[in-house]
Amino acid sequence: METAAASAQPTEVPTIAVEGVACGYDGGLVVLKDLTFRVTRGEIFFIIGGSGCGKSTLLRNLIGIHQPLAGTVKFNGEPFQYHDPAARREMLKTFGVLYQSAALWSSLTLRQNVALPLEEYTALNHREIEELATLKLAQVGLTGFEDYYPAEISGGMKKRAGLARALALDPAIVFLDEPSAGLDPITSRKLDELVLQIREMFNTTLVVVSHELASIFSIADRVIMLDKASKGIIAEGPPRLLARESRDARVTEFLHRGDRLEAAP
Amino acid sequence: MCAAPIAACASVEAAGDELTVALGGDWRITGPRPAWEELRAGREPQRVTVRVGGVGKWDSSLLLFLFEVQQWCRMAGAYFDGEALPEKLRTMLGQLARSHETSVPFDRSQSFMETVGTATLQIWQKGREIAYFVGECTLSLVKLARQPHKFRWRDCLHEMQQCGAMALPIVSLISFLVGMTLAYTGALVLRQYGGDIYVADLVGVAMAREMGALMTAIVLAGRTGAAYAAHLGNMKANEEIDALSTLGISPVDFLVAPRLLALTLMMPLLSLYACCVGIVGGMAVAWSVLDILPVAFWVEMLTIVDLSDVLSGLVKAVTFGVIVGLAGCLRGLQADRSAAGVGQAATSAVVTAILFIIVADAVYAVVFDILGI
């Protein structure tokens, strides 16, 4: 694996520490193996790679939907997957997840979608929950759409509403699975700006799964690149540094296309 | 001020008309926070100053508290002094105030006349959709008769297995129990007149003419009709139906016709099978409770049950099969493109099928009576 370090490694306990993780599915299908990386607080960390390399599989293992076949995932030094249900629930409060399809609950309005985590995990009264849900929707630019159902809004708006729901509990870590997929460049850019704002507001750690080069170069602090053939990480570091200094053909092929795109008027 | 910045805390200091609120600790949305009304304790200050110097980590919890204080000041005509608040916090407080003011509930309510008008139009619209769908299915079956080689026989066979062979266990159980129940119920009355043996007639006629077809239809409406609606509804949500249409393939030919034919063919067979199992159930009760031997039961039953009873049951079964298939497929194709829409389609398919089955059964009862069958 190729590593490009832009700054000295931080000494604090990493927000996310992945150690020797292997991911796969029932029947012995191993998609990724021997993954080790760290994500520090306030970092915008991208998991990149070509289609089918296991980006979303890794994300599902990080957020506990699937159990890693081997290794551990630690959040603030605490192993996640081996915790009892009550402790896991406590840790889940600190997560926000934006799914690729936004995964909004279709029978609830946008406001109700955002309010549900608040109803579940806080002691706020109904009025406060409504206020906060409205604020979260306003922060993602959905003022006036609070009482719409997901079926009544566009794909980009669904993504933003999904992000508002992920941010409902002001989580310390937000996972975003392909946030720009299927969006036009302007909406995609606005979503990137939103990600930066979120980090700015609460020093939130953001883990983004994406292969959108424009997003990678504009907001990522650090990336890991996964490869389907080697079933692991083939590069780690700031994206511009990797694009400039990497000698791995797979990395340069992936990232240099991004440079050309960026240079385009 | 509170000592350790762990839990969110607040202290107040009153000086004349001024109230100074000093906040401290970590303010987490998932944790408890001080209540403004308790801190105010009935005081009516003209100026409220908030200091957040002792606050450690904070999130929307602190924002909500400040907003509550700000709103109280606005209502009470007091001055809210937030000059000492950090810039980031003031920006977010401004955002919250703006979203509070600009949020207008989306009014979905309708007047009585609008509701009645919309409902009437919907009934008309749904009636047209049903007529259109039945017409399309008829055309599709005509096409099948003309070009049988183009029909999707493999899908049809698969559906026949699903709605026929796979339904045998549940149809067996239900029919056996229905036959038993009929025998028990009949015995209650007939025993009083010493006519125990006529339980065989009751069970035989009821199963052959009515219950065999009806119970099978109800079971298949819940099992197969709902499955068709959910399957097609999900395909619609995933744009699979649109993909067929853009290829110039009729969704009715491709998806509905094989299912409809499979149900129409399987329903009479299942109905006949249900009839036999029901009679066995009645026979079992007659033997064990009324001491009527199976042979005597059979002989007595044949004195009244003839081929016309069996055929009338089969005619009903074919009709019910068409109804279950049409209801399931129609509701699936009409489903909204959402998870809730798929669920509603499945429910609606069962309700529609059972409603039309009962209506058709009543119509057949009158027609058979007029024809003397």
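The crossing of H7(B) and H10(B) is right-handed. This is a predicted model. Helix H7 of chain B covers residues 199–237 and helix H10 of chain B residues 294–302; the two pack with their axes 8 Å apart, at an angle of about 60 degrees. Because of that angle, H7(B) is oblique to H10(B). From H7(B), Ala200(B), Asp201(B) and Gly204(B) meet Phe297(B), Glu300(B) and Met301(B) of H10(B). By type, the residues of this contact of H7(B) with H10(B) are three nonpolar, one polar and two charged.

Chain B also has an open sheet of four strands, in the order E1-E2-E3-E4, with mixed pairing. Strand E1 (9–15) and strand E4 (79–81) of chain B are at the edges and have a single partner strand each, so one side of each has no neighbour in the sheet. On average, neighbouring strands of this sheet are turned by 20 degrees against each other, direction ignored. Strand E2 (residues 18–27) and strand E3 (residues 47–58) of chain B run parallel and are joined by eight bridges. In one of these strands, E3(B), Val50(B) is the bridge partner of Val21(B). Helix H2 (residues 60–76) of chain B packs on the sheet and touches E2, E3 and E4 of chain B, its direction making about 175 degrees with that of E3(B).

The last stop is the contact between the chains, to which chain A gives 22 residues and chain B gives 22 residues. On the side of chain A that touches chain B, helix H4 (126–139) and helix H6 (185–202) of chain A are the elements that give two or more residues. H4(A) gives the most, with seven residues. The residues on this side of chain A divide into 10 nonpolar, six polar and six charged.

Terms used:
Residues are numbered from 1 along each chain as its sequence is written. Chains are lettered from A and ligands numbered from 1 in the order in which they are written. This is a predicted model: local features need pLDDT of at least 70, side-chain atom pairs count only at pLDDT 80 or more; totals for chains, interfaces and linings use all residues. Axes are lines fitted to C-alpha atoms, for helices over the stretch in contact, and angles run from 0 to 180 degrees between N-to-C directions. Angles under 35 degrees count as roughly parallel, over 145 as roughly antiparallel, 65 to 115 as roughly perpendicular and the rest as oblique. A crossing is left-handed if the near helix is turned anticlockwise from the far one by less than a right angle, and right-handed if clockwise. Two residues are in contact if their C-beta atoms, placed from the backbone, lie within 7 Å. Ala, Val, Leu, Ile, Met, Phe, Trp, Tyr, Cys and Pro count as nonpolar, Asp, Glu, Lys and Arg as charged, and the others, Gly among them, as polar. Two strands pair if DSSP finds at least two bridges between them.
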